[in-house]
Amino acid sequence: MQDTQDTLHRGLEERHINLMALGAAIGVGLFLGSATAIKMAGPAIMVSYALGGFAIFLIMRALGEMAIHNPVAGSFSRYAQDYLGPLSGYLTGWNYWFLWIVTCMAEITAVGVYMGVWYPDMPAWIWALSALVIMGSINFIAVKAYGEFEFWFALIKIVTIVLMIVSSTGMIFFGLGNGGIATGIANLWSHGGFMPNGVQGILMSMQMVMFAYLGVEMIGLTAGEAKNPKKTLARAVDSVFWRILIFYVGALFVVMAIYPWNEIGTQGSPFVMTFEKMGIPAAAGIINFVVLTAALSSCNSGIFSTGRMLYNLAQQGQALPIFAKVGKNGVPNAAVLISVAMLLGGVLLNYLAPKEVFTWLTAISTFGAIWTWAIILLSQLKFRRSLSAAQLAALEYRMPFWPYGSYIALAFLVLVVGLMAYFPDTRIALLIGPGWLVLLAGLYYLLGYHRQGKEATLATSRQSA
């Protein structure tokens, strides 16, 4: 692939994509939000994360099959366009762009909160603006600069969790940090049993668990800029499930073995509590630093994702043509710039708008996550059926248990949607989300993107032929 003015550069190395895959799956939700999920399911939250992790594994394998066969920047939006039609590609692309804009608004705002722990007299908006300027600047340099920052951000999270798991294991079995008295693992069943709230507790927590995994599909967006996509993407996708088991389930196992599950969250983050018990006085500061880097990482990824998705939409004739232009550094500068500008307005909105407005925006992004995963599975089903016998035999990377694996993952997503409808706190997403799709579809026809989308599909078909 040549480096023309319309082509992205392949600057992401294997180590970048491997760490990005893991970093995307480990967010602020694990460090701060896990206490809420534990209250719902008790120790059985580990079952929730394992079940959710298996569903994500199937979704990622479906994405990997298509991405390795056709490594392009737009990933699932492009596959939706090719296999489900231009409208599906358009809805998926703009949905995902909006999802990351809203996610980044929240993460940039969180940066102000985390910095306020150390600098309480400094206005939070200064930190939020600084984070946006720094992360935006990194994304304008080159894709390798983005990958390098993401590599180190992910490494900080990983090292923290590994240290906690190793030291906690020492406390559980050898009494390390607990006066030589081994805590054992009796806390996993001593306070109302392993499933204190029954199967309902697992189901209640499932929606929170699934949204903790939001971002893993971003690996697909790196396909157009990976140096060796067939090798690096296959390894990254294959490792997602095991990494989730080790880091999510492993971390929660040691925390709930040391502390009764019904006490977790009453004294702050379970991670802070565990490090303090190890005799580390700066535990709160360490975890604050880690969640700060997690928020910056999410912001960095969001700017990358929104820029690449706009670039792909413009290539498909579903966004302004200027967004398909690439600078000499291999970055879609206009696409990145408009995304950063939207985030700037979003940060202002987050500080000024009523809480309800931000709740509605978050509901749309929540709905967008489920939509994206479902589209990946549906696209893969159509993709596989479009292959000839010879193409199928030559397929280098395959979805396991096909087509049943795809059906199982789709059924799981339907279950999550049903749970969202059942609980009042998440029901708003199912009320606002479809309305958002109708609005997007209206703009699709009003702006004439339906004609341009068909032309782009025909051009792609001719190139493939």
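Me: How much space lies in the largest cavity?

Reply: Rolling a probe the size of a water molecule over the atoms shows where empty space is left. In this predicted model, the largest cavity holds about 30 Å³ of space. A search of the whole structure finds 1 cavity of 30 Å³ or more.

Me: Which residues line the largest cavity?

Reply: The lining is made up of Met-60, Leu-63, Gly-64, Ala-67, Ile-219, Gly-220, Leu-233 and Val-237. By type, these residues divide into 6 nonpolar, 2 polar and no charged.

Me: Which helices supply at least two residues of that lining?

Reply: Two helices can be named here: α3 (45-69) and α9 (229-258) each supply at least two lining residues. The largest share, 4 residues, comes from α3. The general idea to apply to such a helix is that an α-helix has 3.6 residues a turn, so residues three or four places apart point the same way.

Me: How many of the residues of α3 are buried?

Reply: In α3, 20 of the 25 residues are buried, so the helix is largely enclosed by the rest of the structure. The length of α3 also agrees with expectation: at 1.5 Å a residue its 25 residues should span 36 Å, and the end C-alpha atoms are 36 Å apart.

Me: What is Ser-305 in contact with, once its neighbours within four places in sequence are left aside?

Reply: Ser-305, which is found in helix α11 (residues 283-315), is in contact with Tyr-96, Trp-100, Met-218 and Leu-221. At 0% relative accessibility, Ser-305 counts as buried.

Me: And which residues does Thr-306 touch, not counting those up to four places away?

Reply: Thr-306 is also placed in helix α11, and its relative accessible area of 1% makes it buried. Thr-306 touches Trp-97, Trp-100, Ile-101 and Ser-339. For a distance in space, take Thr-306 and Ala-110: they are 196 residues apart in sequence and 19 Å apart, C-alpha to C-alpha.

Me: How far apart are the C-alpha atoms of Ile-202 and Ser-48?

Reply: They are separated by 5.8 Å, although the two residues are 154 residues apart along the chain. Ile-202 lies in helix α8 (residues 198-212) and is buried, with a relative accessible area of 9%. Ser-48 is among the residues that Ile-202 touches, together with Ala-41, Ala-44, Val-47 and Met-195, not counting residues up to four places away in sequence.

Me: How many disulfides are there?

Reply: A disulfide is a covalent bond between the sulfur atoms of two cysteines. The count here comes to 0 disulfides. Cys-104 is in none, and the nearest cysteine sulfur, that of Cys-299, is 4.8 Å away.

Me: Which peptide bond is cis, with omega near 0°?

Reply: The bond from Trp-402 to Pro-403 is cis. Pro-403 is found in the loop between α14 (389-393) and α15. Phe-401 is found in the loop between α14 and α15, and its phi is near 60°, a positive value in a residue other than glycine.

Me: Is Phe-401 buried or exposed?

Reply: Phe-401 is exposed, with a relative accessible area of 54%.

Me: Which residues of α15 are buried?

Reply: The buried residues are Gly-405, Ser-406, Ala-409, Leu-410, Phe-412, Leu-413, Val-416, Leu-419 and Met-420. Helix α15 (residues 404-422) has 19 residues, and its reach of 27 Å from first C-alpha to last is close to the 27 Å expected at 1.5 Å a residue.

How values were computed: Residues are numbered from 1 along each chain as its sequence is written. This is a predicted model: local features need pLDDT of at least 70, side-chain atom pairs count only at pLDDT 80 or more; totals for chains, interfaces and linings use all residues. Side-chain values use heavy atoms; hydrogens and water are left out. A disulfide is a pair of cysteine sulfur atoms within 2.5 Å. Buried means under 20% relative accessible area, exposed over 50%, partly exposed in between (1.4 Å probe, protein chains only). Contact means heavy atoms within 4.5 Å. The expected span of a helix is 1.5 Å times one less than its number of residues. On a 1 Å grid over the protein atoms alone, a cavity is a set of points where a 1.4 Å probe fits but cannot get out, and a pocket is an open set with protein on both sides within 12 Å along at least five of seven lines; lining residues have an atom within 4 Å of a point. Grid points are joined across faces, edges and corners, and a volume is the space filled by probe spheres set on the points. Ala, Val, Leu, Ile, Met, Phe, Trp, Tyr, Cys and Pro count as nonpolar, Asp, Glu, Lys and Arg as charged, and the others, Gly among them, as polar.
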